[in-house]
Amino acid sequence: MSEVQYDQGQVRRARYAVAAVFAVHGAVTGSFATRVPWIQDHASVSAGQLGLALAFPALGASVAMPLAGSVSHRFGARNALRGLITLWTLALVLPALAPNLWTLCLALFVYGATAGMADVAMNALGVEIENRLGRSIMSGLHGMWSAGALVGSAAGTLAAHLGSDARLHHALAAAVLTFLGLLACRWVLDLQPTEDEEPPPRFALPPKSALLIGAVGFCAVFAEGASLDWSAVYLRDQLEASAGLAAACTTGFTLTMAIARIAGDRIVDRFGSVRTVRAGGVLAVVGGLLIVLAEQPAVAMSGFALMGLGIAVVVPLCFAAAGRSGSNPSLAIAGVATITYTSGLVAPSAIGTIAQATSLLVSFVLVTVLASGLVAFAGVLRTADRDRPKIAQPTAAVPDRQS
């Protein structure tokens, strides 16, 4: 197969190109999330039926993500990412077209499957570029995803405020985002398998190393999902905050995560993955304690902000560690992604179930306990520090290899 040589200038351009793909991926998510009420009304589903339907994106992602490595091996990293990001952006139009519960579930299954496969492909390329640059970039890439999600959410909020039809809104958004995604893919690395490289299985269980790394990601994503979906409710019900203040808490949590991810690479380069995650775990635990002990909304809001800062870089570092944990990076990344997607699915419903049986305060005690797992088990990410190469010279050319 191809033995393309890439100098450091090309690798740096590829970094910005992949960052743009991350932003496009996030913008699709933000565009969809803001129009869920419209989609619910259009499909004529109850709140309980909507909850059922919203489980299907994670189900679709979990089924499809292990296939991403086979796709990249067959078509090459650039073509695979080009095709998968296009499928993902175009899948945005499907949920708004669904006229009933069953078609909505099917549309969301496809939506999640394409999201998950594109997620694996772009993270695998991100890890490859990080290896070639010799410094951390994964946190910044995920920060770009958060920034894209914020832009997509802002556009969706405006569309909803104007009362636009979500079918038209999502068709226009899909067209724009497809164009931007394809444009960005022109500059990503065109990685190809070597002639003697065995193709990965079309479907395989994640390796043991991915399970351990995924467990760390599970703790972080559980805290993220709980905070995103329940922080406003917590302030309103537990601390009798106003609706505006409660909503501001969720926005503040999202912003702290985005800022921390964008700034996180320098911290990781200086202190390493393990110490960064352990320090983040301490911040998250302190934030959790502030939340459960708060008697005033401002204290709880500070706790949620600390929670966001503490968990922000964990998932990017889990993907980076997975990409260096074995001979098949795509399979390991798919395994970690499957676990984290599952955590994101389980967290909101688990918090609600515990709150109904006991109280919302007890639910966030559980979140705090899980956050302490970041401190205890951060050592499984040590491979990301041990295997990170030294920074290459600007004129060096690096031979191509499979992502």
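## Surroundings of His142

His142 touches Phe22, Asn123, Arg261, Val315, Pro316 and Phe319, leaving aside residues up to four places away in sequence. The model in which these contacts are found is a predicted one. His142 itself belongs to helix H9, which spans residues 138-161. With a relative accessible area of 8%, His142 is buried, because buried means under 20%.

## Overall composition

The chain contains 18 helices and 2 strands. Of its 403 residues, 53% are buried. Among contacts between residues at least 6 apart in sequence, 87% join residues at least 24 apart.

## Packing of H11 against H15

Two packed helices are described by the angle between their axes and the distance between the axes. Helix H11 (residues 208-239) packs with helix H15 (residues 314-323) at an angle of about 165°, and the two axes are 9 Å apart. H11 is therefore roughly antiparallel to H15, since angles over 145 degrees are placed in that class. The crossing of these two helices is left-handed.

On the H11 side, the contact involves Ile213, Val216, Gly217, Ala220 and Val221. These residues meet Val314, Val315, Cys318, Ala321 and Ala322 of H15.

## Aromatic pairs

The whole structure holds 6 aromatic pairs. One of them is formed by Tyr234 and Phe304, whose rings are edge-to-face at 6.2 Å centre to centre, with 75° between the planes. This pair links distant parts of the chain, for Tyr234 lies in helix H11 and Phe304 in helix H14 (residues 297-311), 70 residues apart. Tyr234 has a relative accessible area of 1% and is therefore buried. Phe304 is likewise buried, at 0% relative accessibility.

Phe304 also pairs with Phe364 in an edge-to-face arrangement, with 5.5 Å centre to centre and 90° between the planes. Here too the pair links distant parts of the chain: Phe304 in helix H14 and Phe364 in helix H17 (residues 360-377) are 60 residues apart. Both of these phenylalanines, Phe304 and Phe364, are buried. Elsewhere, one aromatic cluster is formed by Phe32, Trp88 and Tyr111.

## Pro37 in helix H2

Pro37 is located in helix H2, which covers residues 36-43. The C-alpha atom of Pro37 is separated by 9.4 Å from that of Ala160, although the two residues are 123 residues apart along the chain.

## Positive phi values in loops

Ser44 is not a glycine, yet its phi is positive, at about 55°. Ser44 sits in the loop between H2 and helix H3 (47-53). With a relative accessible area of 60%, Ser44 is exposed.

Glu240, also a residue other than glycine, has a positive phi near 55°. Its place is the loop between H11 and helix H12 (243-271). Glu240 counts as exposed, at 72% relative accessibility.

Definitions and conventions: Residues numbered from 1 in each chain as written. Predicted model: local features only at pLDDT ≥ 70, side-chain atom pairs only at ≥ 80, totals over all residues. Heavy atoms only, no water. Axes fitted to C-alpha atoms, helices over the stretch in contact; angles between N-to-C directions. Helix = DSSP H or I, 4+ residues; strand = E, 2+ residues; numbered from the N terminus. Parallel < 35°, antiparallel > 145°, perpendicular 65-115°, else oblique. Left-handed = near helix turned anticlockwise from the far one by under 90°. Contact = heavy atoms within 4.5 Å. Phe/Tyr/Trp six-rings, centres within 6.5 Å; stacked < 30°, edge-to-face > 60°. Buried < 20%, exposed > 50% of the residue type's maximum accessible area, 1.4 Å probe, protein only.
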